[in-house]
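Have the structure open as you read.

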Amino acid sequence: MTISSLGGSVEAAIDIGEQIRTLRSEVRAPFRDKQGEPHCVFQQAKQDKVRAGGDGLADPDGFACRCASACSFIWASGFRRDGNVIGVHMFTFVDEAAARWSPRELHRQTARSVRELNGFLAKMGMLAPIRAHLCSTPPDMIYDLTDAEIMTMTRVTDFSTMRQANCKTGTDLPPGAAHLNERSGAIGM
């Protein structure tokens, strides 16, 4: 799957991410070339050049050549991940009910949502220091992941490595894993 977006709904991104992980899909985000210019890897953007003016992250047809905000959650869910134009920041509540919350309720809802998002991203393999940048970057700013941080995320996930190393046909369970499937149903290959 190839993605590029400046963000959107956290709930939708988590739902998409869960499906990507279930399907064991590879996720490719935009990448920077040696000159630091972002390049999108989806077909439409390949036909256009990224604008030099403005933020430099959108092609003339308006496609964002960046994976930021909720898009980064989708990228993190990939069974394999590629790309290095990834940005994170703290989410905001956009529904009308949130505007009427008391400061106490806003704090309670924020804490709950941060716990849920943190749990999802930890499950997807995003390390705690990267998740800390997400929570400490204000919603009107973007923290661009460094090459070193991205390297921690572009490694093949543990399950993918185990499957590649242990499965001859790509559908066989690794040795000793059959009892897990029978006992818990957690491995549904």
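**Helix packing around H5**

The crossing of H5 and H6 is right-handed, the term for a near helix turned clockwise from the far one by less than a right angle, with anticlockwise being left-handed. This is a predicted model, in which local features need pLDDT of at least 70 and side-chain atom pairs count only at pLDDT 80 or more, while totals for chains, interfaces and linings use all residues. Residues are numbered from 1 along each chain as its sequence is written, and side-chain values use heavy atoms, leaving out hydrogens and water.

Stay with this pair for a moment. The axes of H5 and H6 (residues 128-136) lie 11 Å apart, at an angle of about 150 degrees; axes are lines fitted to C-alpha atoms over the stretch in contact, and angles run from 0 to 180 degrees between N-to-C directions. H5 is therefore roughly antiparallel to H6, a label for angles over 145 degrees. On the H5 side, Val114, Leu117, Asn118, Leu121 and Ala122 meet Arg131, Leu134 and Cys135 of H6, where contact means heavy atoms within 4.5 Å.

Now turn to H1 (residues 10-23), whose axis comes within 11 Å of that of H5 (residues 103-123), crossing at roughly 25 degrees. That angle makes H1 roughly parallel to H5, the label for angles under 35 degrees. The crossing of H1 and H5 is left-handed. Here Val10, Ile14, Gly17, Glu18 and Arg21 of H1 touch Leu117, Phe120 and Lys123 of H5. Look for Leu117 of H5 in both contacts.

Conventions. Helices (H or I, at least four residues) and strands (E, at least two) are DSSP runs, numbered from the N terminus. Angles under 35 degrees count as roughly parallel, over 145 as roughly antiparallel, 65 to 115 as roughly perpendicular and the rest as oblique.
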